[in-house]
Amino acid sequence: MRWHAQFAWLGDGVAADVLIEADGERITSLTRGVPAPPHARHLPGLTLPGLANAHSHAFHRALRSRVQMNRGTFWTWRDQMYEVADRLDPASYRALARAVFAEMALAGISCVGEFHYLHHRPGGAPYDAPNAMGEALIAAAADAGIRITLLDTCYLTGGIGEPLKGPQLRFGDGSAGNWARRVDTLYEQTDKADRPHARVGAAIHSVRAVPREQVRAVASWAKEHRAPLHVHLSEQPAENTACLDAYGVTPARLLAEAGALGPLSTAVHATHLTDDDIGLLGATTTGVCMCPTTERDLADGIGPARRLADAGAPICLGSDQHAAIDLFEEARAVELDERLRTRVRGHWTAGELLAAATSSGHHALGWPEAGRLEPGAYCDLVTVALDSVRTAGAGRAHAAEAAVFAATAADVRDVVVSGRQIVHDGRHLLVDDVPAALAAAVESATREEPA
């Protein structure tokens, strides 16, 4: 296959007239400054590597617009989230996730990190196939044509020292050992089956949900399997207070002492950190996933992204609860939120933010072969229009800035994942009517059962 990009972001800048050739899933050659040869597919606009959505809860998409109606806090939002979680089964979850992942594809996302804790039946009894819900997510990603890292999440308590209750019972395996045995099965099945689009990683939901004495077991599983390990970290001040009261240390310090930080680990949110916490994450080169559209929607606060990056913690991006699925919005929000906090402009370059959305995100998800336009990398191409009302007027010199600071997901025109075109001219080629699929799946997930 051959594609000819009008402009392409190659990590070190934007090049014109770039010929990209692939054999199967991988790029075999990339040549700058050449006219389009016959039979090459033309990509007008700016072509980027595939975007990586490093933090997703697919079923939260059903909450969009519904949780924006009234005042409240993170904790009142969580109650509404639990109501949706209690309604899903493997079939309805696959339908919802298929539509959500198709929406991601339309936004230029070629790989998703699904932070998955909805494991069991309502009430907590396992399904006959204990990983039925995880399998539904893996199948949904294949349906939508994108890759997935299923971050199977250990979730054991409803708060420090509190048992799971109500809808939370679906999340728990009883112990980290039970969690590991279930995930071993999923890992082996995914490794042996014909699922080149899927990899399995691990997650610690938070220090609220996994007791200190069991955190190390999850971290050890991830290290043994050389798998990504993700964790919600200091999203709320109340989490920090509870951890200090119970253990006498911050959540970041607890994770460090349990061996859960490091270059294969990613802390999600990391909003309310001490100077020592920032130093710990940076010194261990632990990644940090910023999710600005969620963090502002839930009134969480603004995380210290620039300080974390300067300390040595790579930054990636996620859409989390999917108040919006738009990594361009997530990228520019990292810069714009910092401007609001400091009243100074220019903390991040467009290139740094594009790297957060591409190569850094893929590294965090255990796909280091993706997120770059170069020979040997996965052939993931995302072309952003430069002639929309948002981007018109930007030529080669300002194409990267147009993508980060002006474009939206609606400007994505073509998407190729692993050498396979899944979006053409803004239309998904595998899911016929993505809005209709979303509407039907959300309706199913939020419909009140008759009394």
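I take buried to mean under 20% relative accessible area, exposed over 50% and partly exposed in between, with a 1.4 Å probe on protein chains only. This is a predicted model, so I kept local features to pLDDT of at least 70 and side-chain atom pairs to pLDDT 80 or more, while totals for chains, interfaces and linings use all residues. Residues count from 1 along each chain as its sequence is written, and side-chain values use heavy atoms, with hydrogens and water left out.

Entry: I started with strand S2 (residues 14–23), which is mostly covered, with eight of its ten residues buried. Strands here are DSSP E runs of at least two residues and helices are H or I runs of at least four, numbered from the N terminus. I call two strands paired if DSSP finds at least two bridges between them. S2 runs antiparallel to strand S1 (residues 2–9), joined by seven bridges, and Phe7 has Ala16 as its bridge partner. Four residues sit between the strands in that hairpin, where Gly11 has a positive phi near 90°. On to strand S3 (residues 26–31): five bridges join it to S2, again antiparallel, and Glu21 stands opposite Ser29. The S2–S3 hairpin has two residues between the strands, and Gly24 takes a positive phi near 70°.

**Entry: the open sheet.** I traced eight strands in the order S5-S6-S7-S8-S9-S10-S11-S12, with parallel pairing. Strand S5 (51–56) and strand S12 (315–317) are the edges, each pairing on one side only. Ignoring direction, neighbouring strands are turned by 25° against each other on average. I then checked S9 (residues 229–233) with S10 (residues 265–269), which pair in the parallel sense over five bridges; Val231 stands opposite Ala267.

**Entry: helix H3.** H3 (residues 132–144) has 13 residues and reaches 18 Å from first C-alpha to last, close to the 18 Å expected at 1.5 Å a residue; the expected span is 1.5 Å times one less than the number of residues. Ten of its 13 residues are buried, among them Met133, Leu137 and Ile138. Just after H3, Gly145 takes a positive phi of about 85°.

**Entry: the largest pocket.** Which residues lie nearest its centre? I found Tyr187, Ala198, Arg199, Val200 and Gly366, out of 21 lining residues. A pocket is an open set of points on a 1 Å grid over the protein atoms alone, with protein on both sides within 12 Å along at least five of seven lines, and lining residues have an atom within 4 Å of a point. Helix H4 (176–192), strand S8 (198–204) and helix H13 (359–364) each give two or more residues to the lining.

Methods:
Axes fitted to C-alpha atoms, helices over the stretch in contact; angles between N-to-C directions. 1 Å grid on protein atoms, 1.4 Å probe; cavity = no way out; pocket = protein on both sides within 12 Å on 5 of 7 lines; lining within 4 Å.
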